[in-house]
Amino acid sequence: MGKPIASVAGGRQSVLLGLGVHRPERVVTNDEICETIDSTDEWIQTRTGIKSRRFAGDGEGVVAMSLGAARGALAASGIAPEQIGAVIIATSTYDLQTPQAASVIAHELGMNGPAAFDLAAGCAGFSTALGVANDLIRGGTADYALVVGVDRMSDTTEPTDRSVRFIFGDGAGAVIVGVSDTVGIGPVEWGSDGSQSDAIKQEPSWLEFIEKPEGARPWIKMAGTAVFRWAAFEMGKVATRTLEKSGLTIDDIDAFVPHQANQRINEVIARSMKLPEGFPVSNDIAETGNTSAASVPLAMEQMLRDGQVKPGDKALLVGFGAGLSYAGQVVILPPLGTDPNA
């Protein structure tokens, strides 16, 4: 196990007990994306590292994808649904403002009326929700929690918008967080920079659209250059602070799992952290694209499935995106459930 993760004083400890994912069946290549935008497969791969992504189909909404991922995580953990005391769904693309997706998901899974709420923190959503769940477990509020990062981004990007359409994909990733005798989740390092909140935004608002339905419907817009600069040059510092909070260095961890926003961004972050040559860094973006809140758990699953890491290894997670916001922690990687669409 090596050097243990440091913990905030007091309280209980928590650990990831199981991981499950849902990847939609439909694979969308760059060539297909370029049927509606003025771009090429070569340009997209050179600029982002993306070769393809998954788009959800009929019956693969936020709730359905969450259920698939959650069932995999529950099976891997050995925890029964009725033992779950809290359900946190990190998403920005659920199509209802009420009721929250978490309550529907908890009911469909046969849980015994747990606390259930949705959390919107963009691409930092999963790591933010994991930080909240960790505090709930450590504080004794719950013994077990389900955390899901899920987004259906294909519904939120305008099909002819060459600035964002090729970036995003759909999917879900879930973990079971439970009480532990040893530290399995390190302290969260999180924050935001609201002065740059316009860098990734929905435009117009839904209320504006209702008032003028003849206009363009709301879509996700992004100032790509501003986001690239912020992420590439600030997230390395966030990753380093996360390690410091956990009492660890690069030599103490087995993998780096950053949000899959852009391969070039992650390469800059890795260089700024001075990661050694050949150090395992997730590259799920190549075949999954940017799945927003689902990105980090999907990237963990890819590394476990491909044998780059194994359950029990330590991984540094960092999510970042809209807000602009970020969150990161060091975790002990959990057992992996099966995904029929992997």
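**Labels and their grounds**

Reply: S292 is buried, at a relative accessible area of 3%. This is a predicted model: local features need pLDDT of at least 70, side-chain atom pairs count only at pLDDT 80 or more, and totals for chains, interfaces and linings use all residues. Residues are numbered from 1 along each chain as its sequence is written, and side-chain values use heavy atoms, with hydrogens and water left out.

Me: Why is S292 called buried?

Reply: Buried means under 20% relative accessible area, exposed over 50%, partly exposed in between (1.4 Å probe, protein chains only). S292 has 3%, so it is buried.

Me: What makes the phi of S292 worth a note?

Reply: Its phi is positive, about 55 degrees, yet S292 is not a glycine. Most residues other than glycine have a negative phi.

Me: K274 also has a positive phi. Is K274 buried or exposed?

Reply: Exposed. The relative accessible area of K274 is 68%, and the cut-off is over 50%. Its phi is about 60 degrees.

Me: How do you know that the residues annotated "active site" gather at one spot?

Reply: The annotation comes from an unreviewed UniProt entry and covers C123, H259 and N290. UniProt positions are given in the numbering used here, feature names are shortened, and annotations may be inferred rather than shown by experiment. These residues span 168 residues in sequence, yet no two of their C-alpha atoms are more than 8.5 Å apart, so they gather at one spot.

Me: Why are H259 and N290 called buried?

Reply: H259 has a relative accessible area of 1%. N290 has 4% relative accessibility. Both values are under 20%, so both residues are buried.

Me: What makes the H259 and N290 side chains a polar contact?

Reply: They make one at 3.5 Å. A polar contact is a pair of N or O atoms within 3.5 Å; within protein, one must be able to donate a hydrogen and the other to accept it, and residues adjacent in sequence count only if both atoms are side-chain atoms.

Me: Which residues does H259 touch?

Reply: Among them are C123, N290 and S292, not counting residues up to four places away in sequence. Contact means heavy atoms within 4.5 Å.

Me: Which peptide bonds are cis?

Reply: One joins T98 and P99, with omega about 0 degrees. Another joins G323 and L324, with omega about -20 degrees. Most peptide bonds are trans.
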